[in-house]
Amino acid sequence: MILTVTLNAAIDRTLAVPNFHVGRRHRAVEQTAVAGGKGVNVARALRALGRPVLATGAAGGGTGARIIELLDDEGITNDFVRITDESRMSTAVIDPTDGVTTEINERGPALSAAERERAVERILYLAQGAQIVVLCGSLPRGVPVELYGQLVEELRRLGVTSVLDTEGEPLRVGTRACPELVTPNLTEAEELVGHEFADDEDRLSGVREIVELGARDAVITYESGCVALLGGDSAERVAYRVSVAPREPMSPVGAGDAFLAGYVAGLYEGQSAEDCLRFATACGAESVRHVGAGVIDPREVERLLPEVTVERLAEPAILSP
């Protein structure tokens, strides 16, 4: 089983608004509302891919109750800790005429010390039945930035694979705890290593730096694919460059979550590094054709696979001991 963790869950509203301009009155031509937050989006995609997945985290107030109802309606198995403070709502406005997306995310609830302790206990209890735990998204107010790092360490003691997908200081601290996989996008990776990337060589240097910070494996994602440094604890790791022709997007929201779901799905099945990267990239590319994060069509993913190019770099990346 795969466990996804979303401590800052949300209801994600998506509005399609043609010719959107700030300061004007508009009428949406399409709208959706689904349970959201990175871990929930990953769980949605994993369920579509037919992998056994359980979503957990924290949900509060009427919005939290609605999040759980929406998950139940989708058939996504879940076990959330209920908290007092109200869960957040997030809104994405998509302009279908040019593909530009504007996102507004509420800051989310605060967790008391007792609620935080209950959430950690629930995660570690459920993790005992999991092979992979995916720690996703921002941390709620009242939760120390060290929490993901502490969970990574506890999961290691349980013998469970940990995957980290967050940003900012929680990503920095969590990476130092040595998770098995870290998957930032370009912006998150640049912030993590402290410099911008001008080209593929810079991105490759970036994944090296992330591994040197503590991650066992690292993948940096972007619109046309990713760069990765994989190989675990061996002294010699292998670098990959993966690409696919970009699709005409309906919505890019959640493409990274779909990518992560594809990679974790391959990892769960014991696929090779190349196959995990190829499948993940196809999932991310396919997801942009849908409104709603984590929504993918497995049949279209299979059709995309031959179009994904995975380049194993001639010189493996060797890190200093």
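Two residues are said to be in contact, or to touch, when they have heavy atoms within 4.5 Å. This is a predicted model, in which local features need pLDDT of at least 70, side-chain atom pairs count only at pLDDT 80 or more, and totals for chains, interfaces and linings use all residues. Residues are numbered from 1 along each chain as its sequence is written, and side-chain values use heavy atoms, with hydrogens and water left out.

We can begin with T63, which sits in helix α2, residues 61-74, where helices are DSSP runs of H or I with at least four residues, strands are runs of E with at least two, and both are numbered from the N terminus. Leaving aside residues up to four places away in sequence, T63 touches I11, E86, S87, R88 and M89. With E86 there is also a polar contact of 2.7 Å between the two side chains; such a contact is a pair of N or O atoms within 3.5 Å, and within protein one must be able to donate a hydrogen and the other to accept it, while residues adjacent in sequence count only if both atoms are side-chain atoms. T63 is buried, because its relative accessible area is 12% (buried means under 20%, exposed over 50%, and partly exposed in between, with a 1.4 Å probe and protein chains only).

Next come two helices, α8 (residues 255-268) and α9 (residues 273-287), which pack at an angle of about 150° with their axes 7 Å apart. Axes are lines fitted to C-alpha atoms, for helices over the stretch in contact, and angles run from 0 to 180 degrees between N-to-C directions. The angle therefore makes α8 roughly antiparallel to α9, since angles under 35 degrees count as roughly parallel, over 145 as roughly antiparallel, 65 to 115 as roughly perpendicular and the rest as oblique. Helix α8 also packs with α1 (residues 38-48), at an angle of about 55° and with the axes 8 Å apart, so that α1 is oblique to α8. On the α1 side the contact is made by K38, N41, V42, A45 and L46, and on the α8 side by D257, A258, L260, A261 and A265.

Finally, which residue lies in the loop between α5 (168-176) and β10 (181-182)? That residue is C178, whose phi is near 70°, a positive value in a residue other than glycine. Most residues other than glycine have a negative phi. C178 is partly exposed, with a relative accessible area of 37%.
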